[in-house]
Amino acid sequence: MTEAVPEYKAALVFEAVDRESALDIMARLIEHRRNGTTDMVAEQRREPIAKYLDQGLWEREIAEIFRVVPLPVATSAELPRVGDFKAMRVVGREIVLVRAADGTVNAMLNVCRHRSMKVVPQGCGSARRFTCPYHSWTYDTDGRLTGVPGEETFGAVDREENSLVRLACDERAGIIFACLTPDLPMDLEAWLGDALPLLEQLGLEKCHHFSTRELAGPNWKVTVDGFLEGYHFSSLHPNTVALTNYSNMAAFDSYGPHMRHVFALKSIDRFLDAPRKEWEPAEALGLVYWIFPGMAIAGGWRERTVVSIMLPGDSWAESMTRQTVLLRHAPQSPEELLEAERTADWFYAAFRDEDYTAQTEVMNGLSSLAGKDMLIGRNEPGVQHVHETIDRLLRGESAHGDRLSSA
Ligand SMILES: [Fe+2]
């Protein structure tokens, strides 16, 4: 038994979003709805299944992509106040994010410089300093070592040299990015490129953090594929996503390695015969941004936005998704609270019971077809684009190559 789909409520937006560009996207979708079409690229893509299975390639993806690029690791709304922190394992690294006294976010390896113990237990909270539970070495929110108990017996410890290891970290458009390799700088504006102003329109930094839940998933590329097309909506999600969304009907755009899918909601039918000035994009379109390599922002023009951060786990077979629900404002009434809870439960259940269940089966099936190719459709430009981007980065090229052009 599936719960009723949470109501899609338009929010904000057109003070921040250029209404004309939103209407242009809506015009594309109305055209697709009239013709039963979707954005397509010129060719299918053949992706050797061996590339999913190759352990050595997986290790290169971790080392040359996930540990190098600016990685979306959290939303700003999770750390609203000075001292708020979040400790988590990300792609095989223990890290801690903390909002420092100057309001910026610091990212550090969450590993004590004495015995390599995890300093901050996994989770969120607020603190002025962090004390390692093993021998009580203490660090401030900038990672500086401030206390070494019994130092007269331990011997002098150089404070500078033994601070927590800092990672490059920056925040834009309500998203916190970190680079997992110490000393590697990060140019977030260049990395986000043309996607940055679009993300800034969503106003995520002003949102209220409602919930974050973790969802274990299969191999990261198998999981990513499922985020990047709406071709599967009617068959895999007949009682959830497909109740509100048309299947196989999307406007697709790429911005360097990043992407935007806009799906046609069934409510678009109300506007088919209406003049453009009466269109309401937030009610008719399902907007999903994808920040390479692992973040989906769904519903950014609405009351409730669901942000999924999907990253590889410790092994080839595992990924971990942190699904966050952001609200335009904290619930003001028991009804609003209930509606937010319903949204969070509904998205979580749909991902867990439908997408991730299917993708686990995909992963279990892949090795049987080891010598074959995976065929990626002309109607799956997002899936094509992510594999092209991975190839590009592994060849040492820039991720900001040519745009995929629609046929
Ligand atoms: Fe799905």
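Visitor: How many helices and strands does the protein have?

Guide: Helices (H or I, at least four residues) and strands (E, at least two) are DSSP runs, numbered from the N terminus. The protein has twelve helices and 20 strands. This is a predicted model, in which local features need pLDDT of at least 70 and side-chain atom pairs count only at pLDDT 80 or more, while totals for chains, interfaces and linings use all residues. Residues are numbered from 1 along each chain as its sequence is written.

Visitor: What radius of gyration does the protein have?

Guide: The radius of gyration is taken over C-alpha atoms, and the globule rule is 2.2 Å times the number of residues to the power 0.38. For 407 residues a compact globule would have a value near 22 Å, and the protein agrees, with 22 Å. Along the principal axes, the C-alpha trace spans about 80 × 55 × 40 Å.

Visitor: Which domains does the assignment give?

Guide: Domain bounds come from an automatic or database domain assignment. Here it gives domain 1 (19–63 + 194–394) and domain 2 (71–186). Their centres, taken over C-alpha atoms, are separated by 31 Å. Two residues are in contact if their C-beta atoms, placed from the backbone, lie within 7 Å. Domain 1 contributes 21 residues to the contact and domain 2 contributes 13. On the side of domain 1 that touches domain 2, the elements giving two or more residues are α6 (195–200), β13 (208–217), β18 (304–312) and β19 (319–327). The largest share of that side, four residues, comes from β18.

Visitor: Which residues touch the most other members of the largest nonpolar core?

Guide: In soluble globular proteins, nonpolar side chains tend to be buried together. A nonpolar core is a set of buried Ala, Val, Leu, Ile, Met, Phe, Trp, Tyr and Cys residues joined through C-beta atoms within 7 Å. A residue is buried if 20 or more other C-beta atoms lie within 10 Å of its own, exposed if 12 or fewer, and partly exposed in between, with C-beta atoms placed from the backbone. The largest core has 103 residues, of which Val73, Ile95, Leu97, Leu167, Ile176, Ala178 and Trp290 touch the most other members. Both domain 1 and domain 2 give residues to this core, so it lies between them. Not counting residues up to four places away in sequence, Leu167 touches several residues, including Ile95, Met108 and Ala178.

Visitor: Where does Glu280 lie?

Guide: Glu280 lies in the loop between β15 (258–265) and α10 (281–284). Glu280 is partly exposed because 18 other C-beta atoms are within 10 Å.
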